[in-house]
Structure formats: C-alpha cells, structure tokens
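This briefing walks through selected features of one chain. Look over the sequence and the model before reading on.

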Amino acid sequence: MNPGRRVSRAAWAAAVAAWLACGASAIGQAQAQGQALMPASAPLPAALPADRRPRIGLVLGGGGARGAAHVGVLEVLERLRVPVDCVAGTSMGALVAGAFASGLTSAQMRAELGSVDWFDLFQDNPPYNETVYRSKQLARRYLPGSELGIGAGGPTAPPGVLTGQKIKLFFNRLVRADRIERSIDSLSMPLAIIATDIGTGDRVVLRDGSLTLAMRASMSVPGLMAPVEYRERKLVDGGLVDNLPVAEVRRLCRPDVVIAVNVGSPLLAPSEVGSLLSVTAQMVNILTEQNVTQSMAELGAQDIYIRPPLEGITAGDFDKHATAAERGQQAANAVEERLRALSVDEAAYQAWRTRILDADRLPPQVDAIEIAGLRRTSPQAMTRHISQQTGQPLETGTLNRDLLRAYGEGHYQSIDYTLLRERDRTILRLAPLEKSWGPDYLRFAVNLDTSLGTSATYSLRAAYHRTALNGLGGELLLGAEAGTAKGMSADFYQPIEPSQTWFVEPRAWYRSRPLPVYQDNRRLAEYLTSTLTSEVAVGANLGLIGQARLGVSTALSQIELTTGSPLLIEQNGRSSGWFASLDLDQLDRLYAPTRGWATRVRYFESTYSQFGQPYSKLSAEGRAAWPLGSFVMLGQLSWVGSTRGQLPVTDAAQLGGFLRLSAFAQSQLIGDDVTYGRIGLERILGRLPLGLRGDVRAGVSVESARFGRLYTERQRSGALQSGVVYLGSETPLGPVYVGFAYAPEGGSKLYLFLGLP
C-alpha cells in the first residue's frame, strides 16, 4: 500500500471514523427545528390531482459505516410498498443510492455488505502470497508505505494512503458493472451523487457518466483515499459540501415529499476534545454540520426526516453493518404511519419495481481483451497475470484477483475495467493508471532491536529506486544504511523477455557492522566485520510462488578486533564461487502471518578461498502458519552449515536476539553446523484501525538450537533452549514487539523490537 506516507497513514487511519463520516448531525437547535417542521400527522400536498400519487424523492446522507442504516430504511419502504421516484446520495449514502437506483433490493444489499471483509477492502494491495516476488523483496527491505516519488520537481507524496483499488472493484460487482457498463444517465431511476472538487472547493453533482466512478469519488475521504481524477477535476468526498443533499433531490425530480435519512456522527463532547487527532476530527464535524443544517432547513411540513439511533456505532465500524441496518429499520418503523400514507397497491408497486429492476443478466462472453493507457509499462507485463480467455464468459472473481496481482507489482495507481459493446462483440477493456508520482521513488526503513540494558542495534535505510528503465521492465535500486551497521548497495534487475519470467541481475553491496564475542554469557570482545560482495545471477520467477537463481559470487571480507580479548581468528581475504538458490513464499503476510508456508534454500560452492581450504555452505529454512480460530500456530526449522570444509567466521551462522534463540544476546552464538527450530502460538487480540493491515497479538514461543561447532561460547554443548512471551502488532514503521525471554543457560532478556530486520 507509503516515511511521509506511513506517518500520515497512522494519523489518517486513527482519524478515519471522523473523516469517513464526512459530516456530523445537525446541532441541537437545527434538530429541534427539523422535528418541528415534521409533525407526525403532516399532510400530503393538497394540490395533487386525485389520480396521481405523490412524487417521492429519497435523500441518503453520508456517515461511513453508519450508512448501513440506509439499508434498514429501504427494507421498511419495501415492506410498506413505497415507490421512490429519484434518489440523491453522498459518501456512504452514494453507495447505497447507486445500488438502489441500479435495481438492487434491500435484501441483496444486506447480502453484499455481509459478504465483504471491510478491513481488507481498505487495503489496496493483494495478500502477500498473491504478490510477485520482486515486490516481496522490496517489502522485506523497505517499508511499502514509505514510497515517495522523485523527479525534477523533487519528492512527491502519493495522493492518499489508499488509492481505492479494491473498493472500486467491489463497486463494479455491487452494481453489476461486470455485466454491462453502468452509467448514471442510463438508469431508470434519476440519481444524483455529490462530490467535492478538492482544487476549488466546488460542490460537484454527478448526474451522468460512470456510476462506479461517481460512487468512488463521493467516498474519497481526503488524505485517506486518493482523489478521483474525472472530467478534469480532482474529486473527493461530497460530505464536505453537501452531506444531506435535500436541495439536489428537489432539482432532480421535483418531489412532493422528500424522505431524508441522516446518519452523520454527532459532535464530540467538550471533554473528549484534547488531542491533535480529536481537534482535527471535531473541526471536520463542525465544518460539515453547517451544510447539514442548511439542508434540514429546506425540509417542509410534508417531508419525512429519519435519524436512526446509531449510538455506539462509529463511521469506521463496518463490522457492525447488520446492527446499523437494524437501527435504520427501527427508525423507519417509528414513522411508519407517515410512510404508509405514501404506499401504493401491490400491482402499482410491482409495476414500479419492474421499471427499475436490474435485469438478471448472465456473464457476457468476452470476445476481445484490450489494454488502454499504458505509457511506461509493457502490456505483456500485465497480461501475464490475466487468465480470462476470449470466447469465454467473464469470471468476475478471477478477473478481480488477477487485477490485484498486477496491481501488486507496484507500478500502478489503480487498475479498472469496463465492458464495451461494439456491434455484436463484447470487449473487456483493462484501464491501468500508472502512478502519477512515479516511475522513480525514494524508499525508507528503520530498525531498533534492543534487549533493554544488554545490547542494542539500530539502523536507518534509504534507497533510490528507478523503474521502467526499458520496455522489458528493467529496474535499478541504489541503497544506503546508517547506524549500528553501515552499508551501500546497487542492484540492477533486468527481465530478458516480455513475460518477465526470466531475468538477469548483477548486484553488489558493502556492509560493515560490529560483531560482539561472548563467553559464559559475558561480552569479552568486539570485532568489526566488513564485507564487499558482488554477484551476477540468472533467474526465473516461478509465478507468484517464488524465484530460483543460479549465479557466481565474489566476496572480500575483513575482520579486526576493536576492543577486548582476541578470541577469534582475524580472517581477511577473498572467496569466490557459484551459488544456487530457491525462495518459495506462500505466507499470507510478511510479518505475523495467519496461514501459509515459506522455504528458502541456498547453496554456495567456493572455488577459491583465502580462508584456508575452499568450503561449501548450505542454508535451508522452512516456516509455516496454521489458523486455529482466534489463535495461530507458527513453526520454523532451519539448518546452516558447511557440507565441505569449515565456514569462516564472516560467513558463519549466528543466533541470539528476538525469535532467534531469544534468551541469548544478539549474535551471542556463532558457529557451523547449526540446527534451529521453534514452535509458537499467538492469540489474535484485535484488528488494527481501518486503513492499516494486520492485527494485535499476544504470543508464546519455545525455541531450541544445536551447534556442531561453536566459535563463541565454546563451553556449551548439546541443545540450547529458550522461551519467550511477547505482545506484537504492525505499525506504520513496521512490526513492533515487546517480549520477555528466559533460558536456564542464557538468563533472561526484556526485548523491544521495531521496524524491519
């Protein structure tokens, strides 16, 4: 999904409830006025001809998750057979209004809202196991949310924490745009959707054009979701200018009666306003209240105002959609007498229903697939993800999955699609929008790993990333690291054919870091290790599963004593040889996975070594995660050692540190022929706020390791045991853990870990 962007992500995700509401309720005085204008026995317009029923306009206001109450109101209108002649909506009200005008019943809306994982919907990227390997590599090294565009004008931040990729695909499915392109002006029921031009502050009313784009624009919470660039405007949430569009529905069909449903959030109490976050939320509510108050002043005695009792449901509580719908139904039932006066007989209602009903169309057969709008990226780079075949019916679920996989490559701001009819042919047109802040980026990462009093390391990483260097998708990544460890790196990645299955990758990196030496749990010395490595590899991307490589590598290494006793041999020199590696990763998350597996195997055969005789090194690791209700079981097993000769100190296995034999200090144990395993159980305590991926977990892990040959702590033998309990979560700066570890032979450690390893 963005350090400027990630920092803003924390603020916006925490404030999303207030922003998503895009407007609060009217102030107490306005509410009292509204109630006075709508007595229980308000008459219908007296000037209506005897043979004409009153024309009815429906207004659905913004309110984030509280907008699910609109569905409950529609259920009552259906039960009472109240036909609606036009509808206007803002924000979440625009979503429901668009679905209603498209012909969906309230039961269908309930089913759709219940089928969606709303927390996942507010995450643009696909699951980690659905991401291409190149993106996984970047995510391991740099925070995805730290991405800044870099160009002639300097750094450019993305236009929002989210681009709304999954949300737009959901809208397509909701209003059946995966059957035929839906335009507002083609609907049988007049519809108006309200948005705001963020450049001018103008109120923008969308009465024609793409229905799903209008819905997406009206829900674009500023700062959280990127604006929709539509008709030379940048459109955001309409609640900023008209959260309850009563005046608009009057212009739309000149109704005799307006039914207005207000689901806005109330103002915070003065005692709740203190932090910067709460002040910002309150400021937004006050600004939007003004337009709600104006809208309520336009309601007359014949109009019906419905305010569902939504206490305890915030604008971000999408998991409470069923409760919100029930509250909406409750509020509509409270004015049933007035609504019943608007009902028609069964025959008339069914005639009205048939007129607006969305035909139950079968999935169309796709006769051709087109890709439009690409300037920098090869079309083949996208089509390699698309499994839809021409001559076959459109499979919406598969298409959405494939588009998300393509989006996960990181080149696109969004990827949408439309279905076009040309004579007797149906064309599936894919519309990828390349990032406006690309194709060159700055990336960042931080790391803090401390045992609180025993040892600590920290680092800051930054990289300059150039993409789309050529038609085949070449990339250049230049990195630097400062802190406890220091280093630089250069990586040139070049696919060699359009599908990007095969590639060549020359790279080089330098890293220098302190290496502590322990004996009997005491730190007796510290060395400085420096390594300059270069390699050239030929590789193959194995779909979304992983990557295989074969190449040659040369390393210049130096180790020198900086303080303490000379406990290690100072080995300086060069080694070179060939390597083969296989990296397969199907975990659903990089950190704190819930399900899946991953394995890494690398073999290095030195053909020349100045560290004595040539040696070979094999490292193999497997990890797995299994969901068990609200628990997750985790397992890990690894082996690192020489299959010929002996590993030099600079290439030896190291253990110690959080979840690396946790009761021992970082890199306390160095050696050859090392087996390590752990098994853990994590309890999911809760999910992070809307807009952030991940959850909060409490965990316990039991670890064990055995060294065939120790270079430090040489008096130890047999299996080494450790246990750790911890609390962890994902944050905008990476995962954070606080834990306590204990082992009979290692003592105890209190850990704080933040950032990327």
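A residue counts as buried when its relative accessible area is under 20%, as exposed when it is over 50%, and as partly exposed in between. By that cut-off, A69, H70, V71, G72, V73, L74, E75, V76 and L77 of helix 4 are buried. The model is predicted. The points below cover helices, salt bridges, backbone geometry and the surface.

**Helix 4 and its neighbour helix 6**

- Nine of the 11 residues of helix 4 are buried, so this helix is largely enclosed by the rest of the structure.
- Helix 4 spans residues 69-79, and helix 6 spans residues 106-115.
- The two axes come within 9 Å and cross at roughly 155°. That angle makes helix 4 roughly antiparallel to helix 6, because angles over 145 degrees count as such.
- The crossing of helix 4 past helix 6 is left-handed.
- R81 follows helix 4 and has a positive phi, near 60°.

- Helix 8 covers residues 133-141 and is mostly covered, with seven of its nine residues buried.
- The buried residues are Y133, R134, S135, K136, L138, A139 and R140.
- R140 forms a salt bridge with D583, and the closest N and O atoms are 3.0 Å apart.
- This pair links distant parts of the chain: R140 sits in helix 8, D583 sits in strand 23 (residues 573-585), and 443 residues separate them.
- Both R140 and D583 are buried.

**Other salt bridges**

- How many salt bridges does a search of the whole structure find? The count is 48.
- D178 pairs with R179 in a salt bridge, with the closest N and O atoms 3.3 Å apart.
- D178 counts as buried because its relative accessibility is 3%. R179 is partly exposed, with a relative accessible area of 25%.
- The side chains of R507 and E535 also meet in a salt bridge, at 2.9 Å from N to O.
- R507 lies in strand 20 and E535 in strand 21, so the pair ties together parts that are 28 residues apart in sequence.
- Are R507 and E535 buried or partly exposed? R507 counts as partly exposed at 26% relative accessibility, whereas E535 counts as buried at 3%.

**Backbone geometry**

- Most residues other than glycine have a negative phi, and most peptide bonds are trans. The next entries depart from that pattern.
- The peptide bond from G438 to P439 is cis, with omega near 5°.
- P439 lies in the loop between strand 15 (425-434) and strand 16 (440-450).
- N521 is not a glycine, yet its phi is positive, about 65°.
- The loop between strand 20 (502-519) and strand 21 (522-542) holds N521.
- N521 is partly exposed because its relative accessible area is 35%.
- L659 is not a glycine either, and its phi is positive at about 55°.
- L659 is placed in the loop between strand 27 (653-655) and strand 28 (669-687).
- Is L659 buried or exposed? L659 counts as buried, at 16% relative accessibility.

**Nonpolar surface patch**

- Which residues form a nonpolar patch on the surface? They are L452, L628, F631, L681, V700, V725, F740, Y742 and L750.
- Together these residues have about 780 Å² of accessible area.
- One of them, F631, is found in strand 26 (residues 631-644).
- F631 is partly exposed, with a relative accessible area of 31%. A patch takes in residues with over 30% relative accessible area, so F631 clears that cut-off.

- S722 lies in strand 30 (residues 719-731).
- S722 counts as buried, at 5% relative accessibility.
- What separates the C-alpha atoms of S722 and R384? The separation is 46 Å, for residues 338 apart along the chain.

Terms used: Residues numbered from 1 in each chain as written. Predicted model: local features only at pLDDT ≥ 70, side-chain atom pairs only at ≥ 80, totals over all residues. Heavy atoms only, no water. Patch = residues over 30% accessible without salt bridge, like charges linked within 9 Å, V, L, I, M, F, W, Y side chains within 5 Å. Areas by Shrake-Rupley, 256 points an atom, 1.4 Å probe, with all protein chains shown as cover. Salt bridge = Lys/Arg side-chain N within 4 Å of Asp/Glu carboxyl O. Helix = DSSP H or I, 4+ residues; strand = E, 2+ residues; numbered from the N terminus. Buried < 20%, exposed > 50% of the residue type's maximum accessible area, 1.4 Å probe, protein only. Axes fitted to C-alpha atoms, helices over the stretch in contact; angles between N-to-C directions. Parallel < 35°, antiparallel > 145°, perpendicular 65-115°, else oblique. Left-handed = near helix turned anticlockwise from the far one by under 90°.
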